[in-house]
Amino acid sequence: MTEHAVQSLDTRSRPLRDLRISVTDRCNFRCTYCMPKEVFNSDYQFTSRDQLLSFEEISRVARIFADLGVRKIRLTGGEPLLRKNLAGLIERLAAIDTIEDVSLTTNGVLLTQERAVELKDAGLKRITISLDTLDEATFRAISDVDVGPGPVLQAIEHAQAAGLAPIKINMVVKKGCNEDSILPMARLFHGSGKIVRFIEYMDVGHTNHWNLGDVYTATQILDRLREEFDLEPAVPNYTGEVAKRWRYRDGGGELGIIASVTQPFCQDCTRARLSAEGKLYTCLFATQGRDLRHLLREGAGDKYISEVVRMVWAKRDDRYSETRASETSILPKIEMSYIGG
């Protein structure tokens, strides 16, 4: 922390350590679990350019969060690579003295070799690429666009060549949809140094018509993996790590399982989220946020904004995944495309 940094704890003594920043609510995919086409169609009103936080505003907010204890920043969306000159923002964020890690989550389709190098040179440390299946037909059905997994696999190689390591590959597993892709994904990346993370299908937002019966659980994922691989648990890299780590006993690396639904990890959550239009959310499953853009554009000073953020975090009592019930799962929560994953 800087000389004037303040330790920020919520009502459950969870520190503020990670900031997820959505740079756009737009995406070039229409994944059925995130931005279903029947809702996010050509008539849908996305955030206008003037309503998005500028890179100057984002970096200012990031410095304020850094002084409150944030050490890691992840850029999300929507699809963050749709935002022009993203490398310029990364350069600003990486220049903040106390920020130790700037990373990015993307579907990968727009990640050319040239752009991967540009992002790395700007200060991007790591990258996470979403890939829900290797099967062509299943991929198209999930993403609901005329693209197969090939460009995503190519993006993974571009990221590796640029030195954006370790590369994490996120696979959302939905029952009756892509559970048959678990073993093929594990086989492909076993021994490659890339880390596949299998994610339970979550009730983020309200437009995906989530149902508990659609969840392929962490236990089921692990059982499927153990049909072919000998796995042993690995210790967490740090407190608050969302994925439970598993190591291949044959030395083929590791994988992760994220079980927000069946094995909640709210007690260690240290993440705040900033939407593309500048609202602060203290939970992925939030129903409302605190508008920081208004403060930024109405002349509020850093000290005042810092106090607002500190107070919001101090009042934080979120533990949605621990208290999830039939009543809460139907609440009109913020969409993942808006708040960032």
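Predicted model: local features only at pLDDT ≥ 70, side-chain atom pairs only at ≥ 80, totals over all residues.
User: How is burial read, and is Gly 123 buried, exposed or partly exposed?

Analyst: Buried means under 20% relative accessible area, exposed over 50%, and partly exposed in between (1.4 Å probe, protein chains only). Gly 123 has 22% relative accessibility and therefore counts as partly exposed. For the chain, buried residues make up 55% of the 341 residues.

User: What is a contact, and which residues does Gly 123 touch?

Analyst: Contact means heavy atoms within 4.5 Å. Leaving aside residues up to four places away in sequence, Gly 123 touches Ile 90, Ala 94 and Val 102. Helix H2 (residues 86-94) has Ile 90 among its buried residues, together with Leu 86, Ala 87, Gly 88, Leu 89 and Leu 93. These buried residues pack against helix H1 (55-67), E2, strand E3 (101-106) and H3.

User: How is the overall form of the chain judged?

Analyst: The chain comprises 11 helices and 12 strands. Its radius of gyration is 19 Å, close to the 20 Å that the globule rule gives for 341 residues, so the chain is as compact as a globular protein of that length. The radius is taken over C-alpha atoms, and the rule is 2.2 Å times the number of residues to the power 0.38. Along the principal axes, the C-alpha atoms fill a box of roughly 55 × 45 × 45 Å.

User: How are strands joined into a sheet, and which strands stand at the edges?

Analyst: Two strands pair if DSSP finds at least two bridges between them. Here an open sheet of 12 strands, with mixed pairing, has the order E7-E8-E9-E6-E5-E4-E3-E2-E1-E10-E11-E12. Strand E7 (231-233) and strand E12 (290-291) are at the edges, each with a single partner strand, so one side of each has no neighbour in the sheet.

User: What are the partners of strand E1, and how is E1 covered?

Analyst: Strand E1 (residues 18-22) runs parallel to strand E10 (residues 271-274), with four bridges between them; Ile 21 has Leu 274 as its bridge partner in E10. Five bridges join E1 to strand E2 (residues 72-76), also in parallel, and Arg 20 stands opposite Arg 74 in E2. Both faces of E1 are covered: Asp 18, Arg 20 and Ser 22 on one side are buried, as are Leu 19 and Ile 21 on the other.

User: Which backbone geometries deserve a second look?

Analyst: Most residues other than glycine have a negative phi, and most peptide bonds are trans. The peptide bond from Gly 77 to Gly 78 is cis, with omega near 15°, and Gly 78 is in the loop between E2 and H2. Another cis bond joins Ala 165 and Pro 166, with omega about 0°. Asn 85, also in the loop between E2 and H2, has a positive phi near 55° and is exposed, with a relative accessible area of 53%. Ser 13, in the segment before E1, has a positive phi of about 65° and is exposed at 52%.

Terms used
Residues numbered from 1 in each chain as written. Heavy atoms only, no water. Helix = DSSP H or I, 4+ residues; strand = E, 2+ residues; numbered from the N terminus.
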